[in-house]
Number of protein chains: 2
Amino acid sequence: MAPVKVFGPVVSPNVARVVLCLEEVGVEYEIVNVEFATGEHKSPEHLQRNPFGQLPALQDGDLMLFESRAISRHVLRKYKGSQVNQLGESNLEEAALVDVWLEVEANQYDPAIAPIIYQQILVPMQALGGTPDEVAIGESVGKPRKVLGVYEARLGKRRYLAGDAISLADLRHFPHTHYVMGMSYVAVFDELPGVRAWWQDLMAHLAVRKVTTMMDGCSG
Amino acid sequence: MAPVKVFGPVVSPNVARVVLCLEEVGVEYEIVNVEFATGEHKSPEHLQRNPFGQLPALQDGDLMLFESRAISRHVLRKYKGSQVNQLGESNLEEAALVDVWLEVEANQYDPAIAPIIYQQILVPMQALGGTPDEVAIGESVGKPRKVLGVYEARLGKRRYLAGDAISLADLRHFPHTHYVMGMSYVAVFDELPGVRAWWQDLMAHLAVRKVTTMMDGCSG
């Protein structure tokens with residue numbers, strides 16, 4: 001039995017974020033499904049793993065963790081090989097820039113993109129089924145454009161967000177961006193050559209390719 | 001001239017979060033005011049510091065950082081003395097638990113508390129002045145109760161969120177909690193003995209006492 005278990009379906013962007021880090025470091029892991037559609041994430045069993053009743057959780061030996069962004073740091077810190085320095089923690093300036101762009105992902109990118117993902121991907125998955133709220137989507141479409149304008153200025157000068165090497169700051173953008181790329185009204189990515197090149201680089205990254213297949217397999 | 005400059009008024013919770021970490025490690029710093037009321041945070045000069053036009057920014061020698069949560073990590077990592085281990089980075093499990101509760105602060109506590117702070121503290125500060133939206137406040141009051149219920153279960157078993165020693169996970173809660181404590185409708189803290197004891201411990205912490213005085217001096 002694998003010592004590392006991820007609780008939650010990889011179709012969830014927050015679960016995919018963790019699985020991507022596990023693939024990045026090459027550690028053996030097992031995915032234990034928790035049914036979002038039937039509300040299993042609110043069951044007493046799952047509340048023992050995550051008292052907020054959300055996905056994912058990660059069991060690593062005796063340690064039970066939740067919050068996908070915290071789990072990502074833990075996985076990279078604990079299981080990194082000699083070639084993986086995705087937190088930049090060996091250098092103060094690198095680490096600070098990785099942290100800045102991790103927070104940009106959480107506080108600027110995610111709030112701009114997540115409402116669209118929520119309506120398009122998660123609402124139809126809920127217990128009673130659901131129809132995406134086109135008004136909410138319409139209100140949200142301008143936000144990614146504004147945020148991505150800042151990304152374009154940044155990525156015009158360097159290959160990745162925190163510098164010239166890929167970091168967790170880039171990887172964290174993958175699950176939401178993957179879904180947005182399948183939606184017609186976020187053609188804004190195509191207007192921004194720096195952002196487009198960055199995304200193409202990210203898509204070519206081995207762990208990203210593998211998790212892409214897993215996510216598409218789940219939702220297909 | 002101090003090599004470390006914080007841009008923004010300490011009355012802003014995000015600025016206070018950074019100042020608290022600077023006080024915690026005892027590094028010399030200078031606060032450079034950026035007038036929120038006149039929109040100076042959207043000026044070309046400030047956009048050079050933070051392309052999203054938000055407060056605070058931190059200049060540390062040649063390094064310019066933004067996003068208060070990233071700056072907090074940088075300050076503790078770079079300037080920690082031998083007695084400061086607020087990121088828990090010397091131990092994988094401690095670091096993971098600090099990270100979990102940092103994410104809980106950002107993703108559970110902040111969204112529950114920030115709308116109240118925004119209406120009560122920031123709306124009246126805006127350029128044209130403003131009146132708190134009591135409907136928005138009313139809708140928000142139930143949320144802290146739910147989140148703090150999880151905190152109570154956690155703090156019933158240990159003194160601080162990540163373990164028995166104070167960490168950045170606790171300190172990060174200070175600026176918002178400080179404001180909420182002055183507001184009548186968050187009596188929910190008084191109903192929860194574990195949470196109340198935690199907050200009293202935090203309030204007695206030296207750096208917290210100092211920043212409390214600075215915040216109150218600003219807003220008085």
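A salt bridge here is a side-chain nitrogen of Lys or Arg within 4 Å of a carboxyl oxygen of Asp or Glu.

**Entry 1: ground rules.** I note that this is a predicted model, in which local features need pLDDT of at least 70 and side-chain atom pairs count only at pLDDT 80 or more, while totals for chains, interfaces and linings use all residues. Residues are numbered from 1 along each chain as its sequence is written, chains are lettered from A and ligands numbered from 1 in the order in which they are written, and side-chain values use heavy atoms, with hydrogens and water left out.

**Entry 2: the domains of chain A.** I looked up the division of chain A and found domain 1 (4–79) and domain 2 (92–212); the bounds come from an automatic or database domain assignment. Taken over C-alpha atoms, their centres are 21 Å apart. I then looked up contacts (heavy atoms within 4.5 Å): 16 residues of domain 1 touch 22 residues of domain 2.

The buried area (accessible area, 1.4 Å probe, that two parts lose on being put together, summed over both) is about 1,800 Å² between the two domains, with 67% from carbon and sulfur atoms. P13(A), L20(A) and R69(A) supply 32% of what domain 1 buries against domain 2, more than any other three residues.

I found six salt bridges across this domain interface. I also looked at the salt bridge of R73(A) with D99(A), at 2.8 Å from N to O. On the domain 1 side, the elements giving two or more residues are α1 (13–25) and α3 (68–79) of chain A; helices are DSSP runs of H or I with at least four residues, strands are runs of E with at least two, and both are numbered from the N terminus. α1(A) gives the most to that side, with eight residues.

**Entry 3: chain B against chain A.** I turned to the two chains and found 30 residues of chain B in contact with 30 residues of chain A. The area buried between them is about 2,700 Å², and carbon and sulfur atoms give 67% of it. F52(B), R77(B) and L92(B) supply 20% of the area that chain B buries against chain A, more than any other three residues.

The count of salt bridges between the chains is four. R77(B) and D99(A) meet in a salt bridge at 3.2 Å, N to O.

On the chain B side, I listed β4 (63–66), α3 (68–79), α4 (92–122) and α6 (142–155) as the elements giving two or more residues. α4(B) gives the most, with 12 residues.
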